[in-house]
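Here are some brief notes for a colleague opening this entry for the first time. Please read them with the structure in view.

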Amino acid sequence: MVITFLVLLAVLMLVGTPIFIALAGSVTVAMGSFSHIPLAIVAERLFAGLDKFPLMAIPFFILTGSLMSAGGLSQRIIRLANLLVGRFTGGMGMTAVSASMFFGAISGSSPATVVSVGSLLYPAMRKEGYSGQFSIGVLVSAGSLGIIIPPSVVMIVYAAVTGVSVGALFMAGVGAGLLYAACLLPYCWYRAKKDGVTPVEPPSWGEVLAGFKDASWGLGVPLVVLGGIYLGIFTPTEAAAVSVVYALLVSALIYREKSFAELFQSMIEAATTTAQVMIILAAASVLAWFLSSNGLAAMLANAILSLSENPYHIFLLINVTVLIAGMFLDASSIMVILAPLFYTVGMRVGIDPVHLGAVLTVNGAIGMFTPPFGLNLFVAGTINGVDYVQAVRGALPFIGIALFALILLTYIPAISMWLPNMVYGG
């Protein structure tokens, strides 16, 4: 039965079958062919996989990002980021990184960050003299900050399948995201020097303050979410619901750049995205039940531990495995398929589950712009003047930079753990 499942799963994924059909369908066929267990268990596990309180936060955070994007926040964030770092050599590239970090703290989505920031900054970077490959490369790589900087939908998925604290994961994401961004900035300076791009005149303090004032309502979203969580005012799920109300009020009553019909359309888009994420989670819960009930999860964990029980070696194996998976799967799918296995292995060799969650998230972020199927590479095609080949060529140097950041994050736990340890007392 297990062999049939593995073969069918591999075939379905190779031919491009949607991931939820590949997961649930292969389990259903294998059980129907070799097991006497009623197939109704598959439907039961589909719904049981979604019956988890932390998952309620996902649609709210997705809707928050959609509302704020539609409400005119993107332009304000980019203007503020440019006011802060645009004065330096490579400032426009640094603006892309900074704006992606700000917007990621609101949307929690990598593709949304690429589209929102890239559609405005790509033409501006080309006008400033940056090469097309560098311009799109920095946008697709910095856009991955959307799933690292909290609130992160991918981290919520990891918390749902492992039981780790969402709040602690969000805190770990702060250190991981700052490291990731810091590694990208020197390359922006180098390429600007190489391409002969001159920095712009520094803005006055009045312009900087005006930029902060203009973007302050939008930047209040992460403050409301994270501040409410760590002050004990509400849970992460309740924080997500509060963020929706806040985003709707800011978009409709303060910025007022879109009509109610346009804001309603953003709600429809958020519902579609939520359905895509949830159906994958449901199918993955079927897979997790099948693997555990047939002893396959334990067998895989023992096979990994038979190679080594050294945490450094285990982390190397985890990184290589997830990086390869990231070439073909999105970060949420990777979490629901591989996170339970690596969580079990990590606990047995003494790896902190919060640190593991941060490392897996950054792995997933790198996969978002790694060919052949990195989602950000395809999303970049929606930006005028960019095609898939150009996006791949532009992303290659940034993949190397991101891997360097991943190595630092993996083997220096304090980078991601200092804030969770400080907030939660270790």
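**Cysteines and a helix pair**

1. Cysteine 183 counts as buried, because its relative accessibility is 14% and the limit for buried is under 20%. Bear in mind that this is a predicted model.

2. Cysteine 188 is buried too, with a relative accessible area of 0%.

3. How many disulfides does a search of the whole structure find? The count is zero. Take cysteine 183: the closest cysteine sulfur to its own is in cysteine 188, 12 Å away, so the two are too far apart for a bond. A disulfide would need the sulfur atoms within 2.5 Å. Seen from cysteine 188, the closest cysteine sulfur is that of cysteine 183, again at 12 Å and too far for a bond.

4. Now turn to the helices. Two packed helices are described by the angle between their axes and the distance between the axes. Here, look at helix H9, residues 153–162, and helix H17, residues 353–367. Their axes come within 10 Å and cross at roughly 135 degrees. H9 is therefore oblique to H17. The crossing of H9 past H17 is right-handed.

5. Which residues meet where H9 and H17 touch? H9 supplies Val154, Met155 and Tyr158. On H17, the partners are Pro353, Leu356, Gly357, Ala358, Leu360 and Thr361. By type, the residues of this contact split into seven nonpolar and two polar, with no charged residue.

How values were computed:
Residues are numbered from 1 along each chain as its sequence is written. This is a predicted model: local features need pLDDT of at least 70, side-chain atom pairs count only at pLDDT 80 or more; totals for chains, interfaces and linings use all residues. Side-chain values use heavy atoms; hydrogens and water are left out. Axes are lines fitted to C-alpha atoms, for helices over the stretch in contact, and angles run from 0 to 180 degrees between N-to-C directions. Helices (H or I, at least four residues) and strands (E, at least two) are DSSP runs, numbered from the N terminus. Angles under 35 degrees count as roughly parallel, over 145 as roughly antiparallel, 65 to 115 as roughly perpendicular and the rest as oblique. A crossing is left-handed if the near helix is turned anticlockwise from the far one by less than a right angle, and right-handed if clockwise. Contact means heavy atoms within 4.5 Å. Ala, Val, Leu, Ile, Met, Phe, Trp, Tyr, Cys and Pro count as nonpolar, Asp, Glu, Lys and Arg as charged, and the others, Gly among them, as polar. Buried means under 20% relative accessible area, exposed over 50%, partly exposed in between (1.4 Å probe, protein chains only).
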